[in-house]
Each structure stands twice: as structure tokens, then as C-alpha cells.
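Me: Please take one part of this model and look at it closely. Then tell me how that part connects with the rest.

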Amino acid sequence: MRRIGIDVGGTNTDAVLIEDGKVAGAVKAPTSEDVTGGILEALAKLGASGALKARRIDAVMIGTTHFINAVVQRRHLSKVAALRLGLPSGATLPPFCDWPKDLAELVRGAVYMVEGGHEYDGRPFMPLDREAVAAAAREMKAKGLTAVAISSVFSPLDPSHEKEAAEIVARENPGAVITCSSDLGRIGLLERENAGLLNAALTDLARDTIAAFEKAIADSGIAAPLFITQNDGTVAEAHQAMRLPVYSFASGATNSMRGAAYLSGLDDAMVADVGGTTTDIGQLKNGFPREANSVVQVGGVRTLFRMPDLFSFGLGGGSHVSLDPLSIGPLSVGYRLLKDGIAFGGGQLTTSDVAIAAGQLSIGDKAKVAHLDAATTARVFAEAKRMVEEALDRMKTESGDVPVIAVGGGAFLIPDVIEGASRVIRVEHGDCANAVGAAIAQVSGECDQIFRELSRNDAIAAAQRIAADNAVAAGADRATISTIETEDMPIAYLPGNSLRVRVRVVGSVAANTAAAA
Amino acid sequence: MTDLRDITLDDIESLAVGAWILGTGGGGSPYLGLLNMRQLYAEGFKVQLMQPGDLADDDWVAAVSNMGAPLVGQERLTDSRTIARAVGLMEDHTGIRFRGIMALEIGGGNSIQPLMAAAHLGRPVIDADMMGRAYPEAQMTSVAVGDLKPYPLSTVDCRGLEAVVQAVPTWKWMERVSRKICVEYGSIASTCKAPRTGAEVKQWCIPGTTTKAIAIGAAVREAQRRHEDPIDAILSVEPGKILYRGKVTDVERRATEGFLRGRTRFDGVDAWKGTSLDVAFQNEWIVAWQDGEPIAMSPDLICVLDTVTGEAIGTETIRYGQRVTVIALPTADVFLTPKGLQHVGPRAFNYDIDFKSVFGS
């Protein structure tokens, strides 16, 4: 098995080649403004190392923080038309009602609430007001809004109103890119709608980003299928991922934690992943990130995603540094580090400049940062240490010292001795842990269907068999398959004890089957 | 002299956290009610709290709640005006003018219903309720234990459906008839219960529960801010007991007759490693068995909390893999009498078990 894992971060694009379970090559290149250039450069470097010669590549797996960064930094987000089918219910709590004000102002293009939706048992709540949907769609068109998020009361049980409204919107507002909340999931209208709104805000960015990925892979002369890594440590085929970018939101963090486990051989530890803009701290349990319980805030928006439980704060290799008064981040020069950092002839003092002055990093021009004396660099490092210790303490679930694996390009900001850590571990290729995690991502299989005339246990078992078969067909090794999600909902209005069962399983990629898949 | 206290928005934020803990898994998350209150306070509305002792014996008090399956509320999203309409319908129907609005149950989202009605109607909230927690059925209240008159009852839904149950012979009948209406409405209805006099409130209702919920919520929020153990914080303001720590390994749910029924299994950690806990629910957590032996049951409060945040986890949202701490809190005295146990003891939920309190007799 030969797979290339690529991590496109805000600052660096890392690429690794994993061959027969070992890292056969690992390189870094700065992320370019157009994304493509950075990947091309990284793949060229990987090729120059000789690693790509001779045998074919089975798959390219890309993880990216692009989408979550867009939300957190409030950049590259499309204006969204929100269409909710559910009046007269919920009128005092319209779409965007619990969003942070700044993000709502940026993303809210228009809000439409019309009659429609279903009851808990599948009966219609109100008939769908098709005329009102069409009128809303015409207004969207007049306003030039093409990113559309449709939500409907009880759509996880019966998505028909959402689907019909989507057809009407597509007809009246051609070119609209539509997210239906039922594709994202769960009971809880506000949270599901929020996920849909975020997804819609990201669809333009996702289309451009994934097109750039494909172009870069093709231009590098690699003929292998492209996969995008997902929040849960699995991969999705690129075109499927493009439709639902929120599912790859937290994949960067998941990848770096799984990569850290893989590289260190430790299954239980804290991981501090220091990127260019932020540091993520999370906890590994049995080789997988600990998941957040229920509600997850993304950029201040409440959702119900299954995501790793992370604490992110603004400390990274590109973080702005102010000396008087002393502060680090949350602003970052990001991928412009090699242009805007002082050691590179730019005008913005960053943590990397400080590390170069202190002799901890040997890049850039040390002479340009000679004015930073030892006392100053020590002050900056002490502040970084304080920030890390505070975050570590927040994320620990038990008292007592724990091992901390420091990974990511900015890992130089984590000192060797920190309070709360039994030891700080640095691993070979730790600066490419995300790319390693992407390359070892697992394959999933899903089953979501209605079973009749079966007991609950039999229905779940049947769904697990179907999901496992789907995972094996997608290249998973049957012996490694485990169930990560089971959800069942009785549908009272259908005859015969109807039960809707959703099961998701994952497994490792089987040796020598990626080519067959 | 009536002494009204302003309820601040920060109090309501704490109330939302504390009331969900007292909800013992049911009553629905108070989050949507809280969002409505933020909206109302932003528009300049304000709510005041009145002590039940300040009521005149012949004052009238409206007891309000949403009834139905909490999961329906998660989809239909509470509208703050609907509960005010239920009170208005009762005033129109009876000719009574209410002095204040009280919660039927302090547990869950119903703790905030009286605040929404009070804001729209310009009346105070009475600091008391009829359960001291949440319960799924109409006869599971202190006033039903006291055999007070169970009717009339008004029900409304957001589509303009309105119905009054004019008279019933017993609380059980009120439960059966109003439940049928509720199910037809889509398993959720905003209701105003039988009007209560000030004298009845003072004799039979459970005083101080809004204040108590605010105090529990404030303790949890303060512990979260200080990165201290929120479970310890709850036990420092309430005489509760830790029952179990573990992880969710199975959830079985079915929506039947307007209720969410089912069972959740936990595998133990720490001192409970190697054991398992099953907790059955009917909207609320009702009975807990450790390795097959009942260890806690209604009317003691069984609260399943997120181990890290200390916040409550509802029966409609609990899911595989969540790490929880289960605690018990003592119930109101009115439910510990033989008559009280007939209404809310384990046999009232069809479990053939003699009630044994976590807190001794």
C-alpha cells in the first residue's frame, strides 16, 4: 500500500508518503494563496526525494483546516439565504438567532420562514407552502444569493419537504447551491439548521478549494483517486466531500492527533498541535481523539457534530507578537510568514522571528532580528509557556501529570518542561503529524434505512452487516471494522414496527485492496 | 407588603443550567426558553419574582407548562407567545384575573415557561412549583397528592388549536384526556393547569424552587469558570449523593402515547469499573439498577450529568460514548408520604419495587 497524505494548513502544506506502514518521505512547503502552488511544491519536493518513483500511488488523502479557519477568521464565507419550513412554529427563534452577532451579520443574506414540516410520527405538520417557497427563491435570485440552506421541522424523519423545496429553489433560482439540513442530520432543528447554514456559507470555498486540490494532483502527474479526510478520522471521495464541507471541519485536528499516536506509539496522551495560527490541545484515548460531548461550538455557533474535544487558542508559528505590552496572537501572518515575518524582510514581528533570534529556528535572516535581545525572547517564550499550561490544565480530565506529544510546525513554542506534563515528547516527522494522520485515515461504511417486522436488536444487527459490507467494498479490512455510531428512531405512523436505523462503521484500509476498490 | 425581586438575565442563564439538572433527564432542555428570554430582555421586557408567602389567600395563581415529548420541542422550537396564550385562554374561560404565574415543574424547559408568560402578560413569577423536579404525568404533582381540584385545563398549540378540559372526576382522567389532546396536537401542547388560590399554593406547592434552581446553576457556572469540579459544586449547595460514574454504551428509545420511553446502559469507570448501570426513563430518569439491583428510584431525583461540564444530559439527547456522573438529590417531603408514593413511587411507573430512598428513611 502506498498512500500520500497531505495537510493543507493555514501556514504550511505538508506531504508524506506512507509505504508499507512506514513514513517513506516527509516534506513541507508554504501554503500558497491559490492552494494549488503549495501542494505542487510539496509534491515536487516529495518527488525529488525519490520516494515517488517506480510504483504507483494508491490514493491521495488531503486534510485541511481551510474550512474551519474560514469560519473562525470570518473570511471567504458566502452570504446565505436561510429557508426554514415550519411556520407557524418557531417564529420567535428564526435562523441565525443564536449565532455570534459578527458572524451572523457576515453570513445572513436573507431569512425566509414558510409553512411546512412534519410531526414526530411522520404526519405533515403543515402542508408545504410551495408558493411561499417559490416567492422566497425568486427574491433570493433578485438579491443574487446562490448559497441556500433549507431546514424543515423533523426532516431527519421525513426529508420530503426539504427535497421538494430544494427542487423549487433550483428551478426558480438556477445556479443555487443548496444544503438540506436532513443531509447533516440529527433531531434538534436549531443545531441541524446551524450546521446547514455553516455548510452553505462554505460551499463556494469548498468548490474552489477542492478544484485546486484536483488540479495540483493532476499537474503533479499522479493518477490516484483523491480523498478528503473527515472529522471522525475517515475519508470521503472528493466530490462527495465538496458538497458537505462541514464534515471535514475538524479533520486537521483529528489527523494530527491520530498522526501523533501513530508516530509516537503512544495511545494515551495529551497532544499539543502547534500550527501557524493556533494551537489545538486534545486528549488521545486508545489512539483516537476524545470526542466532545453533545453540543459543539464552531466559531461560536452551536452544532451537534461528532468532533474531537479540543481547546484551540491563538498561539502559532505565525502569531503576531507585541512587545509593549506583551501579547501573542490571535492574529497571525499565516501562509505569508515567509514574506511578512521580520526575519524574511517583512514588517510584522512573529513568534518565528523570536525563535530565530533565540537561535531555536534556523530559517530566515538572523541579522534582521538581531535587535531582539535574550531578555526579550525569554519574555515571549515565558508567555507562550503560560498560554500552553493554562490550556493543558483546561483539557485534562484527571489530576496528575500526563505525557504531552508536541507536534506541528510551531512545536518549538512548547518548552521541554511544562507544568502538568510528566514529559514532553517530540517525534520524528512530528512537524508533519497531520499529513501522516491523513495518510492513515480509515474507511467508513454507512447504512441508513427503514427496517420492518424486525426486533430492535435484529434491525440494528442487519444495519451493521450492511454498513460493514459497504466499508469492505470501499476498501476496509473486515477484521478491523468497528461500529462508531448507532442511532434508531421508531416511525410510529408506518405499519409493522418500522424502525429507521443509522449505523456507521470504520475499518483500516486493507493491504493491497486500495487498488481493487 | 409584596416584595418583588427583579430576575436578571444572569439569573435566567443560571436557572437554565440548574433547572435542567432538576429536570432529571426530562422537561426538555431549557436552552430554547433561555434564547426566548434573551430575545425578550433585549427588547426591554423584564420579569419579577414573588414569594408564595406574599400571596393573599384569595389570590389566583396560574400554573403553566408545556406537556409532551421533549424531542418535539427540539424541532418545533418554543415560541414565547404560545404559553401566554394558554394563560389568556384560561382567564377568558374562567373570568379569573391571575396575580402571578407559577411553574408546574421546575425541572427542564418548563422552568422558563412561566417567565415567558410573565414577560408577555406583565405579572410576577411565583417562586414555587408542584414537583420540585420534572415528572411526565398530570397526577404526579403535590396538588394531586393533596387531592385539589384537577380542572379546568387549557391547551393551545402554535397553529391556533385551543381546547379547554372543563371537568374530570380525577387527576388520572385529566392525564388521560389532556394527553389525548396533546398527542393530536403533535405530542406537544402549551397548557395552563387548574387555577390555584394563594391559600392552596401556600399549603401544597413546593416553595423556593426557582431560587433553588438558580443557585444550583450559579454553582455549576462558577465551577466551570474556575475550572473546578462542577459535581462537587452541586453537592456543596444541595445535599446530594454521587451514584455512579461511567460511559454510555447503549440507548433504547421509543416514542409512545406522547411519551419518550426507554433505557440507557452505562459501563462504570473509577470505583465502578467492571459494573454496569441501567437507567429506565419515561421522559425522566425513573429507576436505576446497578448490576441488576435497584439502587435509586423515583421520587428521589436521578440526575445524569456530563462529568466534565456538570451540565445535565436529557433522555432525548443522551448518546453512545458520553461520559457521565449520575447523582441523586432528595425529593420534596410531600412525595415521601404513603399517598405521595402512590402518585410518584416506582409502582406509579409500573416497576414492582418497594421505594427505598438513597438518603435513608
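Reply: Start with the layout. In chain A, the centres of domain 2 and domain 3 lie 45 Å apart, taken over C-alpha atoms. Chain A is divided into domain 1 (80–204), domain 2 (312–436) and domain 3 (442–507); these bounds come from an automatic or database domain assignment. This is a predicted model: local features need pLDDT of at least 70, side-chain atom pairs count only at pLDDT 80 or more, and totals for chains, interfaces and linings use all residues. Residues are numbered from 1 along each chain as its sequence is written, and chains are lettered from A and ligands numbered from 1 in the order in which they are written.

Now the close look: an open sheet in chain A. Its four strands run in the order β6-β5-β7-β8, with parallel pairing. Strands here are DSSP runs of E, at least two residues long, and helices are runs of H or I, at least four long, numbered from the N terminus. Two strands pair if DSSP finds at least two bridges between them. The edges of the sheet are β6 (108–115) and β8 (177–180) of chain A. Each has a single partner strand, so one side of each is left without a neighbour in the sheet. From one strand to the next, the twist averages 20 degrees.

Take one pair from the sheet. β7 (residues 147–152) of chain A joins β8(A) in the parallel sense over four bridges. A:I150 faces A:C180 of β8(A).

A helix covers part of this sheet. α6(A) lies across β5 (80–87), β7 and β8 of chain A. α6(A) runs at about 165 degrees to β7(A). Such axes are lines fitted to C-alpha atoms, for helices over the stretch in contact, with angles from 0 to 180 degrees between N-to-C directions.

The largest nonpolar core has 282 residues, and B:V64 and B:V87 touch the most other members. The largest share of this core, 14 residues, comes from helix α6 (residues 189–219) of chain A. A nonpolar core is a set of buried Ala, Val, Leu, Ile, Met, Phe, Trp, Tyr and Cys residues joined through C-beta atoms within 7 Å. Buried means 20 or more other C-beta atoms within 10 Å, exposed 12 or fewer, partly exposed in between, with C-beta atoms placed from the backbone.

B:V87 has contacts beyond four places in sequence, among them B:A62, B:V64, B:F98 and B:C192. Contact means C-beta atoms, placed from the backbone, within 7 Å.

In all, 27 residues of chain A are in contact with 29 residues of chain B. α6, α11 (374–395) and β22 (482–490) of chain A each supply at least two residues on the chain A side. That side has 13 nonpolar, eight polar and six charged residues. Nonpolar covers Ala, Val, Leu, Ile, Met, Phe, Trp, Tyr, Cys and Pro; charged covers Asp, Glu, Lys and Arg; the others, Gly among them, are polar.

Last, some backbone details elsewhere. A cis peptide bond, omega about 0 degrees, joins A:D324 and A:P325. A:P325 sits in the loop between β17 (319–323) and β18 (326–332) of chain A. In chain B, the bond from B:S298 to B:P299 is cis, with omega near 10 degrees. B:D291 is not a glycine, yet has a positive phi of about 45 degrees. B:D291 counts as exposed because it has 12 C-beta neighbours inside 10 Å.

Note on methods
Contact = placed C-beta atoms within 7 Å.
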